[in-house]
Amino acid sequence: MADVWYVRVGQVPESLAVLLDGRDRARRGRIMRAADRDRFLAAWVLARVVLGERLGRDPGALGFDRTCTHCGDTGHGKPVVEDAGPGLDFSLSHAGELAVVAVSDRSVGLDVEDATAGERPLAAALTERERAACPDYAGFARLWTRKEAVLKAVGKGLAVHPGRIEVLGSTLLALPEELGRPEDYTLLDLPLPAPYVGSLAVLGPGTPLSVRSGAELVGDRLRVSGGAGRPDGRATA
């Protein structure tokens with residue numbers, strides 16, 4: 001089972017930054033642009049609230065291990081919840097005004113993009129057949145989320161060149177040998193609010209999917225915390 005939750009960045013007020021630990025406050029403090037700091041806050045608050053609900057634990061007390069399973073570095077690996085035990089994985093992503101979190105009992109990867117951002121497609125990231133199949137930016141954005149979701153599911157990120165992965169439609173056709181076989185993955189497009197597109201990759205076949213708004217969960221946590229954001233409900237810088 002994979003559960004996906006999304007929230008508008010403006011639905012997560014600055015007061016909920018108390019849920020972040022010192023390490024993540026420091027990471028957020030190093031982000032230069034206010035909009036990027038707001039996106040970071042929204043994604044990690046949503047992740048903590050969703051994971052806390054799943055585990056029956058205080059979201060502000062959750063710790064995360066970021067040890068890379070490939071090189072052993074403790075700073076850049078795919079985060080996992082400390083002391084959560086086996087059978088729990090999560091992934092998060094944000095773009096524009098949307099933050100999204102996925103939680104699963106299998107290895108999971110998630111990516112989201114704004115399909116109207118209009119940036120020039122990265123031709124080198126696509127195979128020849130993929131370039132022919134997505135002539136506009138909206139098609140590229142959807143395809144990119146599928147590739148990135150697979151890489152995040154295995155904790156590789158862009159350490160593997162995305163051009164070594166081939167996806168046509170929602171079918172995973174080719175992978176580098178170190179990532180396994182295409183049939184080892186379930187690749188799903190996510191129904192997200194327009195103009196956002198997103199994809200989910202789960203290691204293993206036949207994964208039931210649930211996608212829903214996390215605004216109520218965040219609002220419940222805000223009431224428990226007794227915090228208040230700006231009068232319009234948007235996060236402050």
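**A buried strand residue, its sheet and a neighbouring pocket**

A201 is buried, with a relative accessible area of 0%, in a model that is predicted. This residue lies in strand β10, and the contacts of A201, once its neighbours within four places in sequence are set aside, are made with S107, V108, G109, A149, V150, A153, T186 and L187. By contrast, E82, which stands 119 residues from A201 in sequence, is 23 Å from A201 in space, C-alpha to C-alpha.

Strand β10 belongs to an open sheet of three strands, arranged in the order β6-β10-β9 with antiparallel pairing. Because β6 (108-114) and β9 (185-190) stand at the edges and each has a single partner strand, one side of each is left without a neighbour in the sheet. From one strand to the next, the twist averages 15°. Strands of a sheet pair through backbone hydrogen bonds, which may join them in either a parallel or an antiparallel manner. Between β9 and β10 (residues 196-203), the antiparallel pairing extends over six bridges, and L187 has A201 as its bridge partner in β10; L187 is also among the residues in contact with A201.

Helix α4, which comprises residues 137-153, lies across β6, β9 and β10 and runs at about 160° to β6. Elsewhere in the chain, helix α5 (residues 215-225) has L217, V218 and G219 as its buried residues, and the elements that cover these buried residues of α5 include β1 (2-8) and α2. The residue that follows α5 is G226, for which phi is positive, near 70°.

Helix α4 supplies the largest share of the lining, with four residues.

Conventions. Residues are numbered from 1 along each chain as its sequence is written. This is a predicted model: local features need pLDDT of at least 70, side-chain atom pairs count only at pLDDT 80 or more; totals for chains, interfaces and linings use all residues. Side-chain values use heavy atoms; hydrogens and water are left out. Two strands pair if DSSP finds at least two bridges between them. Helices (H or I, at least four residues) and strands (E, at least two) are DSSP runs, numbered from the N terminus. Axes are lines fitted to C-alpha atoms, for helices over the stretch in contact, and angles run from 0 to 180 degrees between N-to-C directions. Contact means heavy atoms within 4.5 Å. Buried means under 20% relative accessible area, exposed over 50%, partly exposed in between (1.4 Å probe, protein chains only).
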